[in-house]
Amino acid sequence: MLKIPDSLRLTPDSQGVYKAALHDAWELAACHCDAAIRVFCDENQERMKDLLSIRNHSILAHGFAPITAEEWQRITAFIESGLLPLLTAQSAKVGVRNLPLQLPVMLRRG
C-alpha cells in the first residue's frame, strides 16, 4: 500500500482513486524513490515551477497563448538535460531498459 506523507493532503475521488497534481506527484516520488529524486526536486524546484507556469498558461493546458520558440527551447533543454536522464536512471533500477518514445495513447487493462 502506498503511503501518503503527512505533508500532502490527497483524498480519493468518488471511485476511490487518488489523484495528485504534478507538484504533489513529485513529492510522492521523492518520498518513495531513492534520494536522486529528492535531490533533483530540491535543485530544480524553482525551474520546474517556472516551466510549469509556461505550460499552464499556454494552449497546451489552461491558457490561450502559444508557447514561444524561446520557451519551448527552455522546456526541451530541461527535459533533455535533467528529466530524461533522471527517469532513465530510475527506470533502469526497476528493470525498465528503455523509455517509450511517447506516452501511450491507450491504457491496457486486464
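**Before selecting anything**

Residues are numbered from 1 along each chain as its sequence is written. Because the model is predicted, local features need pLDDT of at least 70 and side-chain atom pairs count only at pLDDT 80 or more, whereas totals for chains, interfaces and linings use all residues, and side-chain values use heavy atoms, with hydrogens and water left out.

**The whole chain**

Begin with a cartoon of the protein, which shows three helices and zero strands, in the order α-α-α from the N terminus on; helices here are DSSP runs of H or I with at least four residues, strands are runs of E with at least two, and both are numbered from the N terminus. Along the principal axes, the C-alpha atoms occupy a box of roughly 45 × 35 × 35 Å. Of the 110 residues, 21% are buried, where buried means under 20% relative accessible area, exposed means over 50%, and partly exposed lies in between (1.4 Å probe, protein chains only). Among contacts (heavy atoms within 4.5 Å) with a separation of 6 or more, 34% involve residues 24 or more positions apart.

**Helix 1 and its cover**

Select helix 1 (22-32) and show its buried residues, W26, E27, L28 and A30. The cover over these buried residues includes helix 2 and helix 3.

Next select L86, which is placed in helix 3 and is buried, with a relative accessible area of 10%. Apart from neighbours within four places in sequence, L86 is in contact with W26, A36, I37 and F40, and W26 is one of the buried residues of helix 1 already on display. For a distance across the model, pick the C-alpha atoms of L86 and N56, which are 23 Å apart in space and 30 residues apart in sequence.

**The charged side chains**

Now show the charged side chains, of which 12 are positive and 12 negative, the centres of the two sets lying 9 Å apart; Lys and Arg count as positive and Asp and Glu as negative, while His and the chain ends are not counted, and each charge is placed at NZ of Lys, CZ of Arg, CG of Asp or CD of Glu. Side chains of opposite charge can pair when their charged atoms come close. The whole structure holds seven salt bridges, each defined as a side-chain nitrogen of Lys or Arg within 4 Å of a carboxyl oxygen of Asp or Glu.

Select K93 and D34, whose closest N and O atoms are 2.1 Å apart in a salt bridge. K93 belongs to helix 3 and D34 to the loop between helix 1 and helix 2 (35-56), so this pair ties together parts that are 59 residues apart in sequence. K93 is exposed, at 55% relative accessible area, whereas D34 is partly exposed, at 26%.

Move on to R74 and D50, which form a salt bridge at 2.0 Å, N to O. This pair links distant parts of the chain, with R74 in helix 3 and D50 in helix 2, 24 residues apart. R74 is partly exposed at 30% relative accessible area, and D50 is partly exposed at 34%.

Within helix 2, select R38 and D42, which are four residues apart and therefore separated by about one helical turn; their side chains meet in a salt bridge of 3.7 Å, N to O.

**The loop between helix 2 and helix 3**

Select S58, which lies in this loop and is buried at 2% relative accessibility. Residues up to four places away in sequence aside, S58 touches G63, F64, A65 and I67.

**A nonpolar patch**

Finish on the surface with L84, L87, V94, V96 and L99, a nonpolar patch with about 390 Å² of accessible area together. Patches are made of residues with over 30% relative accessible area and no salt bridge, like charges being joined within 9 Å and nonpolar side chains (Val, Leu, Ile, Met, Phe, Trp, Tyr) within 5 Å. L84 is found in helix 3 (residues 69-93) and is partly exposed, at 37% relative accessibility.

Conventions: Areas by Shrake-Rupley, 256 points an atom, 1.4 Å probe, with all protein chains shown as cover.
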